[in-house]
Every structure is written in C-alpha cells, then in structure tokens.
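Morning, everyone. Let me put the structure up, and then we'll walk through a few spots.

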Amino acid sequence: MRILIVKMSSMGDVVHAQPLASDLRAALPSAQIVWVVERSFASICRLNPTVDEVLPIAWRRWRKRLFAADTHAEMADFHHLLTAQPFDLVLDCQGLIKSALVARIAPARLRVGPAWAFAREPLASLAYGRRAVVPRDWHVVRRNRAIGAAACGYDIDTPPRFGLSVAPMHASEAPWMPSGRHALLVTGASRDEKLWPETHWVRTAVRLQQAGLSLIWFWGSDTERVRAERLARLAAESAGDRATGQSVPPFLSVHDAARVIAGASVVVGLDTGFTHLAGALGRPTIAIFCDFDAVQCAVSGDGYCASFGGVGQVPAADEVIGAIEQALTL
C-alpha cells in the first residue's frame, strides 16, 4: 500500500504532523509512506524512520518566479515524481488550496482531508473523496492524526509518537559547540508581537548559567543574530563570576540545527519551529507564547514539555525559570 502525506509547511506544522506517519506505520506495517514537503523542511521528514520517501517541493520559491523557465522545469520534474506511481491513499493535513492541488494531481484511489468547516481554506475540501472532522479546538497534533484515523479507521487515543532521531553534534565538529552540558535559547520569532522581553531572557540565562550550563543562542535572520549576540553579552555580564560559555553559532541548516537540539540539556524558546522540533526530538522543552494559543499549539514530545503564555499574555520570567528548574531535576 502506498500512502502520500501532504504537509508542505511551515516548519512547526511539519513537526506537528510527524505522529501521523508513526500512526500509519503502526496500523499498516508494510505500507510505503511518501511525504510532500517544502524543500527547506525536507530534512525533518527524513529524521522520521517511518517515512520511506520524501518529495521536496519548492512552492515558496516558485510562486515568486512563476513565469521563469527554470521554475517551469522544476515544476515539471516535481510533477513527474508525483505522478510516477499511483497511491492507494493521499492524506492532505494542510487543508489549503495549494496542498489540495497537490493531492488532486497525485494519482490515487482515495483522498482524505479536513471537511469544509475545518479546513483552513474551505474550498480545499472539495478535492477530497472523504472529509474528516477535525475540530479547530483540538491540539494541532491531534488534528493531523485525525486525518489518518478517518482514512484508516484506527484509534488515536494514545500519546503521539514523533519518532524523530538524529545524532547530536559534538564539540569536535564545530569550534563554537560547547564541550559540556548546554542549554539552547530560541529568541527569534516571525513577528515582533511574539517576542519576549529581553530582561526576561537575561534573567532566564543567568539561572541557566548558575546551573552550570553553557548557552547556545539560535537565530534565523540578521535581526535575530544581532539580538542573540546582544543577549549573550548581557547574559554573561549579568552572571558575573557564574558566567559560562556563550555561543552564537553560524547560520545552520535545519538538519544541523536538529543535531544541536538533540544534545541540549534543556531548550527554552518562543513559539517557533525549532522549539516544537526540540519537543519532537524528546528534549526537555519550555515554550513561550506571547501572541498565540499556548493550549492548542502547546509544545509536545516524549520528554518534559511546558508551554506558557497566550494571545496578549506575556509569561513572567519566574514561570519559565520554575519550569527550567523542574526540567533539570528529571
């Protein structure tokens, strides 16, 4: 049986859908599971041993140059790969017109996706032969798992299994990598409304240093890099003689970032893809939400996970520090 999962972006959304592949493998051990995902996030799916094949798509780049010859060539190549063999089942977890289009192009006996009332773009539901009830107030991981359950009839009243695995990065591989225990801090976000006050970050960083952890400060843009460098400097100054090593790494691929995450003693981050990836990799993870639902999108995984804040609710530093102390005792 060949099954196609369509979940193209964004990074956090791709992470949230990983338990769907684990569910399918448990229910259908001999199935071949294929995943269509944005090229920049393809490495996440490749960390999941239950995914047999990854079909990268570059829609985010293509849409900016739709009439370019190289775009047409790449789209033709993707179309060829997508239609080379028929699928028994296509599962569209995204519920967008762009994902529904991919689901329709793929030759399949059955296509399943969210029903009209539950799809992010309701018109997408017209592409599916079976429409799943996935209430919007469910946790996002359960919503993804429910698409597979609707298609195959199995139960999802079990803890989600992300199944991601990657070898941790060691200090011998990168000069900026700490040799001992370290904490990872993810301070950047897609919108300023999601940012946490810098004074809170410094207090949190001081507590981590007092616990003897070196600090790695992640970033994803020039603005985030400048912030990370500033926070690293302030954290070291504020810790005084308890200061540990501060590292602001170079720009990392998603795969290399996952390797850094895999070796962290604890991860503290905003509501971003890397924070959700940390939970999925089983690391103790504390997520900070300043402008998004911290219940429906709470970080989850096999290790200790805690989420704080919400829309217009900025978590206090003491809340986060308390969760860190609990995570470090486990």
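Leu-55 is buried, at a relative accessible area of 3%. Buried means under 20% relative accessible area, with a 1.4 Å probe and protein chains only. This is a predicted model: local features need pLDDT of at least 70, side-chain atom pairs count only at pLDDT 80 or more, and totals for chains, interfaces and linings use all residues. Residues are numbered from 1 along each chain as its sequence is written, and side-chain values use heavy atoms, with hydrogens and water left out.

Leu-55 sits in strand E3, residues 53–57. Strands here are DSSP runs of at least two residues, helices (H or I) of at least four, numbered from the N terminus. What does Leu-55 touch, leaving aside neighbours within four places in sequence? Its contacts include Val-34, Trp-35, Phe-78 and Leu-81. Contact means heavy atoms within 4.5 Å.

Next, strand E7, residues 182–186. Of its 5 residues, 5 are buried, so E7 is largely enclosed by the rest of the structure. His-182, Leu-184 and Val-186 point one way; Ala-183 and Leu-185 point the other. In a regular strand, side chains alternate between the two faces of the sheet.

Now the partners. E7 runs parallel to E8, residues 214–218, joined by 5 bridges. Pairing takes at least two DSSP bridges. His-182 has Ser-214 as its bridge partner in E8. E7 also runs parallel to E10, residues 266–270, through 4 bridges. There, Leu-184 partners Val-267.

Last stop: Ser-247, in strand E9. Ser-247 is buried too, at 7%. Among its contacts beyond four places in sequence are Trp-176 and Trp-217.

Definitions and conventions
Buried < 20%, exposed > 50% of the residue type's maximum accessible area, 1.4 Å probe, protein only.
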